[in-house]
Amino acid sequence: MTAEPAFVIDASVALAWCFEDETNVFADRVLERLVGAAGLVPLIWPMEVGNALIGAERRGRLSQADSERFTELLRQLPIRIEAASPTRMFGELISLAREQNLSTYDAAYLDLAMRSGLTLVTLDEALHQAAIRCGVKEFQAQDMG
């Protein structure tokens, strides 16, 4: 049985787990926290992570085998993917993106954190600032221990 989601995970955090030069204490603590808690992500998350991996392969930063190993690791983590309705995607998400000056992708994470009442974990500064403006709780690295 999977634990209830404890936080919403932005793709920026997951990608920090993949790339050695992007590793940081915060992302490592989020990964450690997934031992006893689950993460929640919007439907865009696997596509956003996959797109970054394909881009890294094309630039020679990552091999196909490395990408496949990483995606297998992600599949094994307790991360639940939540879909939004087309009405929500074409309505509330676009409005939130416009209001907070975010991409619709980033608005999907913010919206999910707002609706679920969960903390948003992100390394994206614009998304972090939007979360603060919207009153979304934020984790600090020391909170993740």
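Student: Which residue's side chain does Ser67 join in a polar contact?

Tutor: A polar contact is a pair of N or O atoms within 3.5 Å; within protein, one must be able to donate a hydrogen and the other to accept it, and residues adjacent in sequence count only if both atoms are side-chain atoms. Here the side chain of Ser67 meets that of Glu57 at 2.7 Å. This is a predicted model, in which local features need pLDDT of at least 70 and side-chain atom pairs count only at pLDDT 80 or more, while totals for chains, interfaces and linings use all residues. Residues are numbered from 1 along each chain as its sequence is written, and side-chain values use heavy atoms, with hydrogens and water left out.

Student: Is Ser67 buried or exposed?

Tutor: Buried means under 20% relative accessible area, exposed means over 50%, and partly exposed lies in between (1.4 Å probe, protein chains only). Ser67 has a relative accessible area of 5%, so it is buried. Contact means heavy atoms within 4.5 Å. Once neighbours within four places in sequence are set aside, Ser67 is in contact with Leu53, Glu57 and Leu62.

Student: In which helix does Ser67 lie?

Tutor: Helices (H or I, at least four residues) and strands (E, at least two) are DSSP runs, numbered from the N terminus. Ser67 lies in helix α4, and Arg75 is found in that helix, which covers residues 64-76. Arg75 counts as exposed because its relative accessibility is 58%. The side chain of Arg75 makes a polar contact of 3.0 Å with the side chain of Glu72.

Student: How far apart are Arg75 and Pro46 in sequence and in space?

Tutor: They are 29 residues apart in sequence, and their C-alpha atoms are 9.8 Å apart in space.

Student: How many salt bridges are there?

Tutor: A salt bridge is a side-chain nitrogen of Lys or Arg within 4 Å of a carboxyl oxygen of Asp or Glu. By this rule there are seven. One of them joins Glu22 and Arg61, whose closest N and O atoms are 3.0 Å apart. That pair links distant parts of the chain, 39 residues apart: Glu22 is in the loop between α1 (11-18) and α2 (25-33), and Arg61 in the loop between α3 (44-58) and α4. Glu22 is partly exposed at 32% relative accessible area, and Arg61 is partly exposed at 35%.

Student: How many residues apart are Asp66 and Arg69 in helix α4?

Tutor: Three residues apart, so about one helical turn separates them. Their side chains meet in a salt bridge of 2.4 Å, N to O. Asp66 counts as partly exposed at 31% relative accessibility, whereas Arg69 is exposed at 53%.

Student: Which residues are linked in a network of salt bridges?

Tutor: The network links Arg80, Glu82, Asp111 and Arg115. Within it, Arg80 forms a salt bridge with Glu82, and the closest N and O atoms are 3.6 Å apart. Arg80 is partly exposed, with 41% relative accessible area, and Glu82 is partly exposed, with 23%.

Student: How many residues of strand β2 are buried?

Tutor: Five of the five residues in β2 (residues 38-42) are buried, which leaves the strand mostly covered. Ala38, Leu40 and Pro42 point one way from β2, and Gly39 and Val41 point the other way.

Student: Which strands run parallel to β2?

Tutor: Two strands pair if DSSP finds at least two bridges between them. Strand β1 (residues 5-9) pairs with β2 in the parallel sense over three bridges, with Pro5 opposite Ala38. Strand β3 (residues 79-82) runs parallel to β2 and is joined to it by four bridges. There, Leu40 stands opposite Arg80.

Student: In what pattern do the helices and strands follow along the sequence?

Tutor: The protein has eight helices and four strands, and the pattern reads β-α-α-β-α-α-β-α-α-α-β-α. Its C-alpha atoms fill a box of roughly 40 × 35 × 30 Å, taken along the principal axes. Buried residues make up 41% of the 145 residues. Among contacts with a separation of 6 or more, 70% come from residues 24 or more positions apart.
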